[in-house]
Every structure is written in C-alpha cells, then in structure tokens.
Amino acid sequence: MRRHTNSHPKESYYLGVTAALLALLFLLPLFTVTVVRREKAGEQEPERLEIWPPGEVDSRETIRVLISGAVREMPMSDYLAGVVRAEMPASFEQEALCAQAVAARTYTLYKIASGSNHGAAADVCDDPTCCQAYLDKESAAANWGSHAELYEAKVENAVSKTDGQTILYDGQPILAVFHSSSAGRTKSAGEVWTQDLPYLQSVVSPERGSQIPNYYSRVEFTPAEFKETFLAAHPEADLSGDPENWVSRLTVSEGSNVDTATIGGVTVRGSAVRTIFSLRSASFEVEVQNGKLVFFVTGYGHGVGMSQYGANQMAADGAAWEEIVRHYYTGVTVDTWTRGGKA
C-alpha cells in the first residue's frame, strides 16, 4: 500500500533549493576562489586566484626534516610548501612556482632514494648547502606583509596542482638541482662537477637581465687580498710581478660560462674560481682597474638544472610547468611517484 502525501508545490520547490545548496557546499573546495588585493598604478585592483584542494599523494607521505637541529615529522605537502616559500620568490608566475614544487619534490625523493646525509634520524634538512632551504608559513607571512594571503595561496597551489608529480630519468627520480639565474644558457653537470649527467645538460635560458636584481655584479680585490685569497686554496701559484699578468687565460663555453682560468700559472675550473672568490656565478670576466683586480659577474648560482628566473620568464610567456621542467631537464619524463616507487 502506497502512503499518500499532501506536499505543496512550494514546499517541493524549497526542498529542491535546499538540496542544491547542500550539494554546492560539498563541491565548494573544488571551485573556491579567493579575492585578494594588490597595488597597481596607485590603485587597489582585485586579483582572483583559484584555490586547489590539497593533493592526496603528498598529504599521505610523511617526511622527517631536521630543522634548526631538531627533527620534525610532517606531510610531504607541508614540507614542499616550506621549500617553495624559501627557494623561489612567491611573486613569480604560478606555473614557475609549480615547476619549483616539482623540482623540490623530485630532489627530495632523490635524496631519500640515494641515502640520507642524516642517517636514520632524518630524511632531509633545512640547510640549502646540504638539502633545500625551508621557511615556515608564519615566518614567510611576516616577510610578505600585505601580500601574505596571495603569496601563501600561490605556494600551496603550486604543491597541490602538481601533487606527487616527479621528474624521472630511466624510471627514477633525478637530481633536480636549480639555481637563480643563468647568463643566457645553463651549464651541464660535467662543466661544474666531476660527473656529467644526461639530464643535466646545457640549454638556452630566456631570463632577461634587466628584470633581475643583481644580475650583473662586481667584486674587487686589492692585489694583496687577491693573492692571499687564491694562495690559501693554491699555495703553488706564482703571484709575483705585475698583477696584470696574474690571470693569463680564461676558456669560456657557450653562454659565457668560464670553463677554466689560469691564475698564477695554475689552471683551475671556473666553478672553483667562483668558490674561492665568493662570486655569484662562474660567468665572469677579470680586469685590472685602478690597481685592483675586478671580477665582472653575470647571473647567480652554479648554473646547472632549472634557472628560476628563466622558468619565470617561460611562464610569463605562456609555458605550463611541465614544459618548463622538460626544457631544463633533458630527456626526462614526469609521473606520480612516492618514496616507495611509482604511485
């Protein structure tokens, strides 16, 4: 026997609207748009940014990070957001930030797979000379000031949009190194380090020097300072006589990167000269001016892998993060990966 109801058409209408609103509420995280403000030409202009929900792959992966001497456990997603905050300006294009998140994830998984530098205590640390820099949300917000809401959303989006995506070569995570800016071309791993890698080869990099702070830098030394600094690393060098003759030859690769320099009769790699004299990059020229030895330096960083300013320019020109990644890392594939292997 069917039960008879006397529902009014208006009641049915309100019930339908309520159901629709409830459905929308549950779907809302997929479509949420936040509105933040930015200054442009002295006026406040609204900027809209779609917020991506947290990714499942990174969220369920736990990583142990040595931060200021103490080990902290956190989801991979939180760790990667901290790396992106620390390693790339959050003002950069969203797709450049996504490429940075993928490089950071890949570098982390490479370090874990190849054996941690920290034994059984931690997977990675916050020292950029060993692993990658890390900056927590609160510290970043204090640095960003009025832009904090927008910048944090962009960082979190970079991690969420690329959830689990990892750069692979022969099916394994690569050594996804990166640097700030190149002098027109990146360097191959073999130019800078002892071992060459097939996916870290020299490629054109499109950053525009006029838009990069300190893209061109100048470092000067008196002859006494130059001699003391170089002899500390190479005591066999002969730095007698006229300083004009101390640097006798530079061999330069395509893109103005110095491969080798002969100083005081000793031939050293350009990357070693950069380290000895604390230069911003190994793309440099040397002159004697007003009695001082002067380095004129272009770019910043070791020059291998992804150039961050180059990635930002590619993104500004319309490139998606995967195109950026494939440009800077030769012959790679991109797939979902966890510390346990392919997801």
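Visitor: What is the strand order in the open sheet of three strands with β9, β13 and β14?

Guide: Happy to start there, and do keep in mind that this is a predicted model. The sheet is open and its pairing is antiparallel. At its edges stand β9 (216-221) and β13 (284-289), each of which pairs on one side only. Neighbouring strands are turned by 20° against each other on average, direction ignored, and the order is β9-β14-β13.

Visitor: How many bridges join β9 to β14?

Guide: Strand β14 covers residues 292-298, and β9 and β14 run antiparallel. One of the residue pairs is Val219 with its bridge partner Phe295 in β14. The number of bridges between β9 and β14 is six.

Visitor: Which helix packs on this sheet, touching β9 and β14?

Guide: The helix in question spans residues 223-233. Its direction makes about 95° with that of β9. The name to look for is helix α8.

Visitor: On to the helices: why is α3 called oblique to α4?

Guide: Helix α3 holds residues 76-87, and α4 holds residues 94-114. Their axes come within 9 Å, and α3 passes α4 in a right-handed crossing. Angles of 65 to 115 degrees would count as roughly perpendicular and those over 145 as roughly antiparallel. The axes cross at roughly 120°, and that makes the pair oblique.

Visitor: How do the residues of the contact of α3 with α4 divide by class?

Guide: On the α3 side, the contact is made by Met76, Tyr79, Leu80, Val83, Val84 and Glu87. They meet Leu97, Gln100, Ala101, Ala104, Arg105, Thr108 and Leu109 in α4. By class, the division is nine nonpolar, two polar and two charged.

Visitor: Which side chain makes a polar contact with the side chain of Glu95?

Guide: Glu95 lies in helix α4. Leaving aside neighbours within four places in sequence, Glu95 is in contact with Lys161, Ala315, Ala319, Ala320, Trp321 and Ile324. The polar contact is at 3.1 Å, and the side chain that makes it is that of Lys161.

Visitor: At what angle do helix α10 and helix α11 pack?

Guide: Helix α10 runs over residues 308-316 and helix α11 over residues 321-328, with their axes 10 Å apart. α10 passes α11 in a right-handed crossing. The arrangement is classed as oblique, and the angle is about 140°.

Visitor: Which residues of α11 make the contact with α10?

Guide: From α10 come Gly310, Ala311, Met314 and Ala315. By class, the contact of α10 with α11 has five nonpolar, two polar and one charged residues. On the α11 side, the residues are Glu323, Ile324, His327 and Tyr328.

Notes:
Residues are numbered from 1 along each chain as its sequence is written. This is a predicted model: local features need pLDDT of at least 70, side-chain atom pairs count only at pLDDT 80 or more; totals for chains, interfaces and linings use all residues. Side-chain values use heavy atoms; hydrogens and water are left out. Helices (H or I, at least four residues) and strands (E, at least two) are DSSP runs, numbered from the N terminus. A polar contact is a pair of N or O atoms within 3.5 Å; within protein, one must be able to donate a hydrogen and the other to accept it, and residues adjacent in sequence count only if both atoms are side-chain atoms. Contact means heavy atoms within 4.5 Å. Two strands pair if DSSP finds at least two bridges between them. Axes are lines fitted to C-alpha atoms, for helices over the stretch in contact, and angles run from 0 to 180 degrees between N-to-C directions. Angles under 35 degrees count as roughly parallel, over 145 as roughly antiparallel, 65 to 115 as roughly perpendicular and the rest as oblique. A crossing is left-handed if the near helix is turned anticlockwise from the far one by less than a right angle, and right-handed if clockwise. Ala, Val, Leu, Ile, Met, Phe, Trp, Tyr, Cys and Pro count as nonpolar, Asp, Glu, Lys and Arg as charged, and the others, Gly among them, as polar.
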